[in-house]
Amino acid sequence: MEEVTRTLAANVRAARQALGWRLEDLATRSGVSRNMVQQIETARTNASVATLARLAATLGVPIGVLVEPPEELGYVARAAEVLERPAGRASRSRLLVNDGQAPFVEVWDFVIAAGDEIRSPGHPAGTRELLHLYEGELQVGVGGAEFELREGDALRMRGDRPHVYRNPGTLVARLGMTVVYSGERDPRYA
């Protein structure tokens, strides 16, 4: 219930501010006291359905919009919903979360088995990749250049060229990666 109260507070305040109204403006137009509007916006009270209906009608939004967490403020990608794909012989990559708005961004988690490699033909033009090696060693080849990373190293690279991630070590390599698209998203992960 506390989460709904906080969400309602943020959504009422955002809807009021989007109209350029003060607390007094919303109170006068809705017939809800200024004190009650303030308590709702600071998550200090639960509004009745009748109060919600008056506020929603005055703000010009459905009641559901006032109580649902707005995706533009945040979105939780649940672990059970993560896209996992095999990569290499015994490795895996997981798309943890992506952004459905331009500029498109994806956050990945990779585990590359010892002696294994993951290849990519490249993403759309202008794509960049930022990666951080948490564990192990990694060789990255991109567009003819080779980069050697040790535990704790990070790499910024072109993602729009064919590239390969190789684990030359005897232990697993674990890395996090952020892919930033400058234009079109890679249709493989949309």
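**Aromatic cluster, sheets and helix packing in a predicted model**

Trp108, Phe110 and Tyr165 form one aromatic cluster. The model is predicted, and local features require pLDDT of at least 70, side-chain atom pairs count only at pLDDT 80 or more, and totals for chains, interfaces and linings use all residues. Residues are numbered from 1 along each chain as its sequence is written, and side-chain values use heavy atoms, with hydrogens and water left out.

The protein contains 5 helices and 10 strands. Helices (H or I, at least four residues) and strands (E, at least two) are DSSP runs, numbered from the N terminus. Of the 190 residues, 38% are buried. Buried means under 20% relative accessible area, exposed over 50%, and partly exposed in between (1.4 Å probe, protein chains only). Among contacts between residues at least 6 apart in sequence, 63% join residues at least 24 apart. A contact means heavy atoms within 4.5 Å.

A search of the whole structure finds 2 aromatic pairs. One of them is formed by Phe110 and Tyr165. Their ring centres are 5.8 Å apart, with 45 degrees between the planes, and the pair is tilted. Rings of Phe, Tyr and Trp (its six-membered ring) pair if their centres lie within 6.5 Å; planes under 30 degrees apart count as stacked, over 60 as edge-to-face and the rest as tilted. Phe110 belongs to strand β3 (residues 105-112) and Tyr165 to strand β9 (residues 163-166), so the pair ties together parts that are 55 residues apart in sequence.

Ala173 lies in strand β10 (residues 173-180) and is buried, at 0% relative accessibility. The C-alpha atoms of Ala173 and Ala114 are separated by 7.2 Å, although the two residues are 59 residues apart along the chain.

Strand β9 is also part of an open sheet. Its 4 strands run in the order β4-β9-β6-β7, with antiparallel pairing. Two strands pair if DSSP finds at least two bridges between them. β4 (117-120) and β7 (145-150) stand at the edges with a single partner strand each, so one side of each is left without a neighbour in the sheet. From one strand to the next, the twist averages 15 degrees. Axes are lines fitted to C-alpha atoms, for helices over the stretch in contact, and angles run from 0 to 180 degrees between N-to-C directions.

Strand β6 (residues 137-142) and β7 run antiparallel and are joined by 6 bridges. Gly141 has Glu146 in β7 as its bridge partner. The two strands form a hairpin with 2 residues between them. In the turn, Gly143 has a positive phi of about 55 degrees.

Another antiparallel pairing links strand β5 (residues 128-135) with β8 over 5 bridges. Here Leu131 stands opposite Leu155 in β8. Strand β8 (residues 154-158) has two faces. Leu155 and Met157 make up the covered face, while Ala154, Arg156 and Arg158 make up the uncovered one.

Among the helices, α2 (residues 23-30) has Leu23, Asp25, Leu26, Ala27 and Ser30 as its buried residues. These pack against α1 (2-18), α3 (34-41) and α4 (49-59). The axes of α2 and α4 come within 9 Å and cross at roughly 110 degrees. The two helices are therefore roughly perpendicular to each other. Angles under 35 degrees count as roughly parallel, over 145 as roughly antiparallel, 65 to 115 as roughly perpendicular and the rest as oblique.

Leu26, Arg29 and Ser30 in α2 meet Arg54, Leu55, Thr58 and Leu59 in α4. By class, this contact has 3 nonpolar, 2 polar and 2 charged residues. Ala, Val, Leu, Ile, Met, Phe, Trp, Tyr, Cys and Pro count as nonpolar, Asp, Glu, Lys and Arg as charged, and the others, Gly among them, as polar.

Positive phi values also occur in the helical part. Just after α2, Gly31 takes a positive phi of about 80 degrees. Ala43 has a phi near 60 degrees, a positive value in a residue other than glycine. Most residues other than glycine have a negative phi. Ala43 is found in the loop between α3 and α4 and is partly exposed, at 30% relative accessibility.
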